[in-house]
Amino acid sequence: MDSMKGQGGIQMLLTAEQEARQIISSAKNLKLTRLKQAKEEAEREVKLYHSNMEAAHQKKISETSGSSGSSVKRLDEETAMRIQSLKESASRVSSDVVAMLIKHVTTVKA
């Protein structure tokens, strides 16, 4: 009878060991599944953050380039006005300057 009890005890230990292996295997599988889910969630969050940052960056670029575009246009207009003003001034005094140069070139000093 003692050998029967010994055999039963061994069988119970083997059964308990198999159950423990199944529990550990199940826990490992759950852990792996959860790690995959966490990785996917993290990747989604990173993509969302990246797209938000990219959108903010593009918005900032469009805001600053828009204002620089208007600044360039304004500067071009001011430059054109100044050039026109200088041309008008030059055309008004050019005859006087030419006359003065001719006078100095043709006058002989002793």
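Modeller: What follows takes the salt bridges in turn, then some other residues, and then the protein as a whole. This is a predicted model, in which local features need pLDDT of at least 70 and side-chain atom pairs count only at pLDDT 80 or more, whereas totals for chains, interfaces and linings use all residues. Residues are numbered from 1 along each chain as its sequence is written, and side-chain values use heavy atoms, with hydrogens and water left out.

Side chains of opposite charge can pair when their charged atoms come close. A search of the whole structure finds 3 salt bridges, a salt bridge being a side-chain nitrogen of Lys or Arg within 4 Å of a carboxyl oxygen of Asp or Glu. One of them joins the side chains of Glu-17 and Arg-21, with 2.5 Å from N to O. Both residues belong to helix α1, where they are 4 residues apart, about one turn of the helix; helices here are DSSP runs of H or I with at least four residues, strands are runs of E with at least two, and both are numbered from the N terminus. Glu-17 is partly exposed at 36% relative accessibility, while Arg-21 is exposed, with a relative accessible area of 53%. On this scale buried means under 20% relative accessible area, exposed means over 50%, and partly exposed lies in between, with a 1.4 Å probe and protein chains only.

Another salt bridge links Arg-34 and Glu-41, whose closest N and O atoms are 3.7 Å apart. Arg-34 counts as partly exposed at 43% relative accessibility, and Glu-41 is also partly exposed, at 33%. In the salt bridge between Arg-74 and Glu-78, the N to O distance is 3.1 Å. Because Arg-74 and Glu-78 are 4 residues apart in helix α1, about one helical turn separates them. Their relative accessible areas are 42% for Arg-74, which is partly exposed, and 32% for Glu-78, which is partly exposed as well.

Glu-77 is likewise found in helix α1 and is partly exposed, with a relative accessible area of 44%. The C-alpha atom of Glu-77 is 24 Å from that of Ile-61, the two residues being 16 apart along the chain.

Elsewhere, Val-93, Val-97 and Leu-101 make a nonpolar surface patch of about 240 Å². Val-97 is found in helix α1, which covers residues 2-106, and is partly exposed, with a relative accessible area of 37%. Patches are made of residues with over 30% relative accessible area and no salt bridge, like charges being joined within 9 Å and nonpolar side chains (Val, Leu, Ile, Met, Phe, Trp, Tyr) within 5 Å.

As for the whole, the protein has 1 helix and 0 strands. Its radius of gyration is 46 Å, well over the 13 Å that the globule rule gives for 110 residues, so the protein is more spread out than a compact globule; the radius is taken over C-alpha atoms, and the rule is 2.2 Å times the number of residues to the power 0.38. Along the principal axes, the C-alpha atoms fill a box of roughly 155 × 30 × 10 Å. Buried residues make up 0% of the 110 residues. The protein exposes about 10400 Å², of which carbon and sulfur atoms supply 62%, with accessible areas from the Shrake-Rupley method and a 1.4 Å probe, where for residues only the protein chains shown count as cover.
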